Amino acid sequence: MPRSFSRRFIQHGLLLCTSAIGTGFLGQYILQKNTLNAYNHPLHKPAVWLGDYPSREAQIDIMSKEAEYDIVVIGGGATGCGVAVDAASRGLKVALVEKYDFSSGTSSRSTKLIHGGVRYLQKAILQLDREQYHMVKEALSERGNLLKIAPHLSYPLPIMLPVYKWYLLPYYYAGIKAYDFVSGRQLLRWSYVISKNKALELFPMLKKEKLVGAIVYYDGQHNDARMNIALAFTAAHMGANVANHCTVTEFIHENIQVNNKEGQTETKKIIRGIKCLDRYRNKEFSIRAKCVVNATGPYTDVIRQLDDSSVPKICQPSAGVHIVLPDYYSPNNMGLLDPNTSDGRVIFFLPWQKHTMAGTTDTPCEITDYPSPMAEDVDFILGEIKNYLSSDVEVRRGDLLAAWSGIRPLVLNPNKKDTQSIARNHIIHVSDSGLVTIGGGKWTTYRQMAEETVDRCIQSANLEPKNDCITKGLVLSGGEKWSPTSYIRLVQDYGIETEVAIHLSNTYGDQANKVADLSILTGKRWPVVGKRLHEEFPYIEAEVHYAIKEYARTAVDILARRTRLSFLNVIAADEALPCVIQIMAKELNWNEKKQKEETDRAKTFLLREMGLNLKRDMRRNVPINFTREEMRYYMKHFRQIDVENKGFLTLSDLKRHLQRMKISNSTTDSDISPEELRILMHEVDQNQNGIIETEEFLQLMSAINTGAVSTSHFIKAARIAKIKNNSMVERSGGGV
């Protein structure tokens with residue numbers, strides 16, 4: 001029995017090795033001259049390109065007065081804006097409306113990858129699934145095009161697949177080489193195998209125990225929200241009329257006479273436009289069109305049933321949660337793929353915007369305007385990260401900087417009788433009334449989806465385009481004159497910090513100088529201009545002014561999509577909010593009531609959708625469970641501040657204590673700024689009643705000890721050291 005098992009094991013091992021080597025050499029032979037062929041197709045711009053575009057309010061006025069459009073698109077995500085770009089580039093008259101902001105839904109909450117899907121290729125091969133294979137091949141082709149047409153927003157990213165069992169190495173190698181092979185002429189870089197030592201050199205945080213080596217392959221990464229905005233304004237530059245914060249309330253139907261199959265005349269109801277509400281100005285308007293496109297992602301069924309309430313639902317929503325951690329969790333130029341998590345899901349661990357992003361989960365959910373990350377999903381991701389990182393790296397819940405949930409719009413295909421399986425690819429459906437629905441798909445394939453959708457619109461509504469599809473190689477707004485060194489001119493010409501200049505160049509491309517023109521003097525020797533919204537991030541106040549020109553009308557538009565502050569650090573976003581409100585109020589003439597509404601709305605967004613509530617709950621849920629020695633130690637510090645023995649600390653107590661400490665340490669400047677005191681109080685005063693209670697103080701100490709809070713201004717300012725471990729094991733009672 002053992003001898004038979006050994007023989008079969010060796011045979012399977014040799015088969016895997018042979019297939020891996022064969023796949024690698026075959027692919028290399030065919031593609032040896034195509035290492036960077038993702039950039040071979042010529043770039044171009046359309047015949048019509050407006051130097052500027054109307055304001056948001058002017059766009060809506062134009063839409064309401066236009067006699068009839070060829071196409072009106074509902075939905076301002078990647079797919080909807082892609083449809084607007086494609087249709088406008090063919091010379092069709094196009095309008096687009098979005099309920100909230102461009103990319104406010106799924107398109108800004110992605111894994112930030114431009115990829116074909118390694119796991120889908122694996123399924124395609126193992127299950128002999130031709131549909132999934134074609135989906136991967138199509139996505140890899142589109143990956144190359146997207147990297148080319150928006151070079152300021154996208155770039156190739158190496159991703160490491162660590163291997164901890166030697167017999168899996170040829171299996172994974174064969175799979176990754178197949179991924180290279182399917183890429184064809186759009187191959188970014190060759191994948192390669194590296195040793196254990198090289199893997200640890202490239203990814204020092206990686207768990208080294210039992211590591212046998214790793215495979216590195218390449219995919220693309222991008223700033224998804226800014227890419228979506230670039231699509232929206234590319235369409236606007238080509239003459240499309242686009243507007244955000246406009247919700248569709250009703251379809252405009254007309255009855256026409258048609259002949260049925262039997263040759264008899266019957267009445268048919270068809271769509272001839274939409275009625276909308278400008279949510280910002282609370283103004284109703286109508287748009288008439290020959291064809292209406294439903295590109296609303298998770299809201300696909302909402303719009304379909306607005307047209308016909310009897311149609312069955314086809315959208316199967318699934319929530320994907322991502323978290324953001326500090327930059328020290330990963331190298332700045334290498335991602336990580338965990339292909340075999342504890343429950344079979346794939347987890348990516350990627351550097352993004354000088355932070356570390358991890359995700360995603362895949363959980364069935366209900367459609368909501370306010371998708372929220374759940375604590376159990378965050379804990380799952382943190383647990384998987386811990387399994388792949390070195391034991392030297394303490395994975396702390398307190399290091400969580402932000403978390404968000406995006407809803408994948410998986411759909412059943414209404415064109416097929418068999419709807420038991422969910423389509424991972426996209427589907428296009430034309431209703432009896434003429435509503436064209438584009439559903440499913442993924443970020444990477446938005447352009448192909450848009451091309452097929454416009455083709456279907458032309459066919460179903462008998463439209464007359466001026467030319468065929470030209471979006472392959474069509475440069476998006478900001479990408480035409482951009483180069484990796486464009487930021488240097490911003491530094492030289494405007495006196496902007498290098499970090500800020502790089503950010504502006506990589507966000508706005510060749511339009512970055514327009515943002516710099518809006519920058520105000522800092523009052524310092526250096527930088528000359530470019531006052532930051534938050535000192536830890538390169539976002540500047542001029543971006544708020546420019547964002548308003550990009551149709552931003554809420555503080556959330558700024559924090560989440562024009563900048564990515566709320567996605568990177570939810571506390572920093574909360575701290576930058578007053579400055580954003582102040583600038584927008586001045587630009588948009590907001591009164592005090594409007595300012596308060598926007599502030600409250602933004603704070604609710606940060607709490608509910610960006611993980612601020614999770615950060616607070618993590619600390620509140622930590623039990624106060626000290627030894628007697630620890631309790632005495634921390635209470636001694638509390639009483640040193642509470643000199644009047646009130647049982648709680650006031651702002652005056654804290655200020656007096658900090659001044660006394662500065663004087664005793666021979667610090668000449670003993671004044672404590674109001675801002676410094678506000679930060680310290682806000683950190684400890686969880687119930688926001690203006691005092692620090694004993695339980696709140698002990699809760700903070702416990703959270704620091706357990707890692708639920710990573711760092712604390714209060715602890716450092718009050719110079720309260722973490723008590724060293726001792727042999728006493730008896731714990732005090734109590735807890736929260």
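**Salt bridges, strands and cores**

Colleague: To start with K275: how does its relative accessibility count?

Modeller: K275 counts as partly exposed, at 34% relative accessibility. The scale, using a 1.4 Å probe and protein chains only, calls a residue buried under 20% relative accessible area, exposed over 50%, and partly exposed in between. This is a predicted model, in which local features need pLDDT of at least 70 and side-chain atom pairs count only at pLDDT 80 or more, while totals for chains, interfaces and linings use all residues. Residues are numbered from 1 along each chain as its sequence is written, and side-chain values use heavy atoms, with hydrogens and water left out.

Colleague: Which side chain does K275 meet in a salt bridge?

Modeller: The partner is E250, at 4.0 Å from N to O. A salt bridge here is a side-chain nitrogen of Lys or Arg within 4 Å of a carboxyl oxygen of Asp or Glu. K275 belongs to strand β9 (residues 265-278) and E250 to strand β8 (residues 246-259), so the pair ties together parts that are 25 residues apart in sequence. Strands (E, at least two residues) and helices (H or I, at least four) are DSSP runs numbered from the N terminus. E250 is also partly exposed, with 39% relative accessibility.

Colleague: How many salt bridges does the structure hold?

Modeller: There are 41 salt bridges. One of them joins the side chains of D101 and R561, at 2.8 Å from N to O. That pair links distant parts of the chain, 460 residues apart: D101 is in the loop between β2 and β3 (113-114), and R561 is in helix α16 (residues 555-562).

Colleague: Is D101 buried or exposed? And R561, buried or exposed?

Modeller: D101 is buried, with a relative accessible area of 0%. R561 is buried as well, at 5%.

Colleague: What about K177 and D180, and where do they lie?

Modeller: Both are in helix α6 (residues 168-183), 3 residues apart, which is about one turn of the helix.

Colleague: Which strand do 4 bridges join to β2?

Modeller: That is β1 (residues 69-74), which runs parallel to β2. Strands pair if DSSP finds at least two bridges between them. V73 has L96 as its bridge partner in β2. The chain crosses from β1 to β2 through helix α3 (residues 78-89) in a right-handed β-α-β crossover: with the strands pointing away from the viewer, the path from the first strand over the helix to the second runs clockwise. Another 3 bridges join β2 to the parallel strand β7 (residues 241-243), where V242 is the bridge partner of L96.

Colleague: Lastly, how many residues has the largest nonpolar core?

Modeller: It has 61 residues, and I159, F348, L565, V580 and M584 have the most contacts inside it. Such a core is a set of buried Ala, Val, Leu, Ile, Met, Phe, Trp, Tyr and Cys residues joined through side-chain atoms within 4.5 Å. Helix α18 (residues 570-588) gives the largest share of this core, 12 residues.

Colleague: Why does this core lie between domain 2 and domain 3?

Modeller: Domain 2 (154-221 + 318-409) and domain 3 (486-617) both give residues to this core, so it lies between them. The domain bounds come from an automatic or database domain assignment.

Colleague: Which residues does V580 touch?

Modeller: Not counting residues up to four places away in sequence, V580 touches L533, V544, A555, I558 and L559. Contact means heavy atoms within 4.5 Å.
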